[in-house]
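Hi,

Here is the structure I said I would pass on.

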Amino acid sequence: MATVAPLDLVTGAFSYSGSYIAKRLLDGGHQVRTLSFHPDRPHPLRGCIEALPYRFDDPEALARSLAGVATLYNTYWVRFDHGQTSFDQTIERSRALFGAAQRAGVQRIVHLSITNPSTSSPLPYFRGKALVENALADAGVPYSIVRPTWIFGGDRDVLVNNIAWILRHMPVFAVPGSGAYKVQPVHVEDLATICTNGDRLGDKPVVDAAGPETMRFDELVALIRTAVRARAPIVHVPAPVMALAARALGVLLHDVIITPDEIDGLMAGLLVSAQPPLGEIAFSEWLHGNGGSVGRTYANELRRHFAPGA
C-alpha cells in the first residue's frame, strides 16, 4: 500500500524565507500548501504548491484552509507599519492563524520569530515578535520557535543586496554610530534546514538560527564593499542623521530603506545569538563567491510587498 506524503503548509511560500522552507519540504517528498495575499503570483514553485488566499476575514474559512495539515510553518510578519498594515494587526492575525490551526487539528507549528524578542522592548518589531510567541504558547498546539538573526543569501535578499547596491551607486555609505555593534548573519538555506530538520530543532521549544560568523557591522559593510569592488567611503554618523539620510534616499527610490527602529535594534546588538550557531554557511565565504552579482539591482521592499499585483 502506497504511503501518502505528509501535507505541510508554509505561509508565504512565494516570499523569501518561506520559499526556501517550501522547497526543502518538496525535495523531501512532502506535499506543500501555502497561504498568501498573492496566491496567483508567478513563482518557480507555483506549479508545485497548492496556493490559497489568507482568510483573516472568515475564521472558519481560515481553519478549512489548514485542514489535513501536519505541520504549519509560519513566516507571516511585516517589517514595518505601512498604510493599513500594522504590527498590531499582524499580532492579532497571527493569533487568529494559531487558533485556526488548533481547530483544524494541525499537529505542530514551526514559527519564525527574531533573536532577542521581548515584551518590554521599546521597539515595536521586537515587542510584537515576543507577543506573537506568547500567543503561540497559548494556542494549545505543539510548537517550535526558530529565532533567526539577520537572514542573507538567495535571489530575494533585501538587506545585504541593498547595502551592496548603495555601495555600488552612492558616493558614500553611512554607518550609524560607531559601527562596533555585532551582527551574526544566517544564510536563508541554513534557516530552512533548521526549520525543517527535527534533529536541529531537538526537543527545545525555542532555538536561535544564527550563522557561524559574528562581526562588527562596519566590518560587514567593509567586506561587502571589497567584494563588490566599490570605492564609496564608509562614514560614521549619528543615528538620527542616518535615519534622515535613509528617509531621503527612500523618497528617491520610492521605498523604505531602513526605519529608525531598525537602526536602534541594529545598534543594540539584537541580531546576535548567545546560543551555539546552528548555521554552517559563513557570510564571508558566501560573499567571496557572490560579490560579482550581489547588489547589481535594487530590491524594492514596498514594490515587492505592497504594490498592486505584487
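Predicted model: local features only at pLDDT ≥ 70, side-chain atom pairs only at ≥ 80, totals over all residues.

Residues are numbered from 1 along each chain as its sequence is written, and side-chain values use heavy atoms, with hydrogens and water left out.

There is an open sheet of seven strands, in the order β3-β2-β1-β4-β5-β6-β11, and the pairing is parallel. Since β3 and β11 (206–209) sit at the edges with a single partner strand each, one side of each has no neighbour in the sheet. From one strand to the next the twist averages 20°. (Strands are DSSP E runs of at least two residues, helices H or I runs of at least four, numbered from the N terminus; two strands pair if DSSP finds at least two bridges between them.)

β2 and β3 are joined by four bridges in the parallel sense, with Thr-34 opposite Ala-51 in β3. Helix α1 (residues 16–27) packs on the sheet, touching β1 (7–11), β2, β4 (71–74) and β5 (108–112), and its direction makes about 165° with that of β1. Contact here is heavy atoms within 4.5 Å; axes are lines fitted to C-alpha atoms, for helices over the stretch in contact, and angles run from 0 to 180 degrees between N-to-C directions. Helix α6 (residues 188–196) lies across β4, β5, β6 (143–148) and β11, at about 165° to β6.

β4 and β5 also pair in parallel over four bridges, and Leu-72 has Ile-109 in β5 as its bridge partner. Four of the five residues of β5 are buried (under 20% relative accessible area with a 1.4 Å probe, protein chains only).

Then there is β8 (residues 173–176), which runs parallel to β13 (residues 234–237) and is joined to it by four bridges. Val-175 stands opposite His-236 in β13. Phe-173 and Val-175 point one way from β8, Ala-174 and Pro-176 the other, and all are buried.

Last, have a look at Arg-41, in the loop between β2 (31–36) and β3 (50–53). What does a buried Arg-41 do without a salt bridge? Its side chain reaches the backbone oxygen of Arg-304 at 3.2 Å, while the nearest side chain of opposite charge, Glu-301, is 10 Å away. (A salt bridge needs a side-chain nitrogen of Lys or Arg within 4 Å of a carboxyl oxygen of Asp or Glu.)

Cheers

Key. Buried < 20%, exposed > 50% of the residue type's maximum accessible area, 1.4 Å probe, protein only. Lys, Arg positive; Asp, Glu negative; His and termini not counted. Polar contact = N/O pair within 3.5 Å; in protein donor to acceptor, adjacent residues only side chain to side chain.
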